[in-house]
Structures are given as C-alpha cells and as structure tokens.
Amino acid sequence: MELTDTLGALPVAPRVVAAGVFDGVHLGHRALIKTALSLAASMGARCTVLTFQRHPLCCLAPDKAPPYLMTTRQRADAIAACGPDELVMLPFDQTLARESAAHFLARLRARGLAGMAMGESFTFGAEAEGSHAWLVRNAPDLPVTVLPKVCVRGLMVSSTAVRTAVMAGDLPLARLLLGGEVPALTGAVARGAQLGRRIGLPTLNLPVDPRRALPPRGVYDAFVEAKGRRVPGIAYLGVKPTVGGETLVLEAHAFADPQAVYGDEIAVTLRHFLRPEARFASLEAMRAQIGRDMDEARRLQATP
C-alpha cells in the first residue's frame, strides 16, 4: 500500500475513494473499505482510502475533539491490513477546513476519481457542505455508494460506541465492535521508581497521553509486545496512590521476559478489567493482591 499526505502525490489513474476519519478502524470502517475495494475491482480502478492525520475537530473545535482510539501509525497499519492500494492521510488545518466541497471534489477528479464510498454521516468541504445529497446534485455522473451503519448483535458500530465501551472499561464490548483487539497503548519504556523490582514484580513503564480514550484506572490482564515478541501479563493504569503518586502511568508486568529495556518501543494490549485502583495499607498487602490479579489474568488468558 502506498502512503501519502497529499492528493497531488497520487498518480492520475481511475480510483475509487473510501473517505472517513477511520478512528479505531472498526467493523463499519472495514465494511466501507471492502465496499470500495469491490467497486474499484468492478471498474478496473485503484482503491484509495482518504482520511486525516487528526480528527477534524482538533482544528475546528479543539474543546470538542473526542479522545482518540488509535495513533496515526496504528490507523495506517490497520487500514493497510484491509488491502487498499493507497492511503492518503491529509493534514487537517485551517486551509483544508476553508476549502469548498466543489474545490475539494475537483482536486479528487484531477487525480482520476471514478467513484466514492462513504458512511451515512461523512461530509467534506467548508461548513460540511459535501454530503451524499450534495454529490447527487453536483456530481450526478459519479458513482457513490453510501454504506449504512453496521450493526453487530443488535448494536450499532461507531467510533463513539467504541470509545464509550473503552472508557467504561467494557473491553470485551469494544472488541466486539472493533472486530479485534482494542488498540494497544504504545510508547518507549521509561525509567520508573523501581518499586516493582523491590517487591519482585518488575514492570515496564509507559507514559500515557491524556488525549487518548483510556479505560478506568485499575488492573487489567494484558499482552506485552516488544521486539516482535508478544507475551502475556498484567497491566496497571493509575496514579499509584499507595506510594503517593499523582501522575497517570501505565505499568506492565510480563509473565515472560519480553527482552525490552529503557527506550525500547513496546505495545501493551489491555484485555479485561480485573479490579479498580486501590490504596493498600502496606507494600506486602499490595504484593499479595497483585498475586491474586496474576492468577485471574492467567485464568482469563487460558480461556479461548
């Protein structure tokens, strides 16, 4: 898959564009890309996914921007796994926000636009002018497929629904809507206070971006991936009240050595919420509870 951040970098060729924000790359997004792939194949065209480097609200109304489910890199990788020929991730800035729907459509046509696939609520152009109805009026020759909302087990799939499930700690529901794992929390291993080593449970510490959609503070069964190796473990998201902490951190303890050291990039995938954050009377009491958490995590990880 070819990746670019500008329409001008695309070769002029017939292409079907699947457009959207694609945060989470959930079942609805995958269905949209699949629809675009099918339409492109029927037309002998390329399939191009068009999205933005950040949610448009980050530019238009930062105080209303939703917490993100995926980093830009994670979104690109998840979209690539769906099989399109090209991915365009436009930087959403004030210039793009002011561009008219007609001008934006003209830029797409200049690159060979032959068809579009879009969700019911997707719009483009200044003041959200470019809708499906607008395309019917202003580009009647352009084949446009509007994909209705996807439902799974009677639940409507959307990025908002996934965020709600994640932030409520209902990670199994989030996985159902996503059709796969909840996006991992990623980053470089940071040096902590070494408390885990002192109680015989060394941890890998990651900084946490508060702009991300995060589950509640507490303990989770998890998988830790480093250097291409994925091992089971547990993870704690919180401020460490037992030792007077104030900064939100993610600490992961792997059941097998993931061979990660300070500065290495790792990914921690949270699976199930085990218990909420707690303040313990002593480090020994905390160590005993963590032992029980590990037993429960192993039980869950052994369950198909």
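With which residue does Glu 2 form a salt bridge, and how far apart are the closest N and O atoms? The partner is Arg 46, and the closest N and O atoms are 3.3 Å apart. The model is predicted.

- Strand 2 spans residues 15–19, and five of its five residues are buried, so the strand is largely enclosed by the rest of the structure.
- In a regular strand, side chains alternate between the two faces of the sheet.
- Arg 15, Val 17 and Ala 19 point one way from strand 2, while Val 16 and Ala 18 point the other way; all are buried.
- Strand 2 pairs with strand 3 (residues 46–52) in the parallel sense, over five bridges.
- Within that pairing, Arg 15 has Arg 46 of strand 3 as its bridge partner.
- Strand 2 also pairs with strand 5 (residues 113–119), again in the parallel sense and over five bridges.
- Here Val 16 has Gly 115 of strand 5 as its bridge partner.
- A right-handed β-α-β unit is made by strand 2, helix 1 (residues 27–43) and strand 3.

- Side chains of opposite charge can pair when their charged atoms come close.
- The model contains 14 salt bridges.
- One of these joins Glu 2 to Arg 46. Glu 2 lies in strand 1 (residues 2–4) and Arg 46 in strand 3, so this pair ties together parts that are 44 residues apart in sequence.
- Glu 2 is partly exposed, with a relative accessible area of 45%, and Arg 46 is partly exposed as well, at 23%.
- Arg 46 also meets Glu 86 in a salt bridge, with an N to O distance of 2.7 Å. Because Glu 86 belongs to strand 4 (residues 86–90) and Arg 46 to strand 3, the pair ties together parts that are 40 residues apart in sequence.
- Glu 86 has 0% relative accessibility and therefore counts as buried, the cut-off being under 20%.

- The side chains of Glu 181 and Arg 230 meet in a salt bridge, at 3.7 Å from N to O.
- This pair links distant parts of the chain, 49 residues apart: Glu 181 is in the loop between helix 8 (171–178) and strand 9 (185–188), and Arg 230 is in strand 12 (residues 229–238).
- Glu 181 counts as partly exposed at 33% relative accessibility, and Arg 230 counts as partly exposed at 41%.

**The antiparallel sheet**

- Strands of a sheet pair through backbone hydrogen bonds, either parallel or antiparallel.
- An open sheet of six strands, with antiparallel pairing, has the order 9-14-11-12-13-10.
- Strand 9 and strand 10 (204–207) stand at the edges with a single partner strand each, so one side of each is left without a neighbour in the sheet.
- On average, neighbouring strands of this sheet are turned by 35 degrees against each other, direction ignored.
- Strand 9 pairs with strand 14 (residues 265–276) in the antiparallel sense over four bridges, and Gly 187 has Ile 266 of strand 14 as its bridge partner.
- Helix 8 lies across strand 11 (218–226) and strand 14, and runs at about 130 degrees to strand 14.

Technical notes
Residues are numbered from 1 along each chain as its sequence is written. This is a predicted model: local features need pLDDT of at least 70, side-chain atom pairs count only at pLDDT 80 or more; totals for chains, interfaces and linings use all residues. Side-chain values use heavy atoms; hydrogens and water are left out. Buried means under 20% relative accessible area, exposed over 50%, partly exposed in between (1.4 Å probe, protein chains only). Helices (H or I, at least four residues) and strands (E, at least two) are DSSP runs, numbered from the N terminus. Two strands pair if DSSP finds at least two bridges between them. A crossover is right-handed if, with the strands pointing away from the viewer, the path from the first strand over the helix to the second runs clockwise. A salt bridge is a side-chain nitrogen of Lys or Arg within 4 Å of a carboxyl oxygen of Asp or Glu. Axes are lines fitted to C-alpha atoms, for helices over the stretch in contact, and angles run from 0 to 180 degrees between N-to-C directions. Contact means heavy atoms within 4.5 Å.
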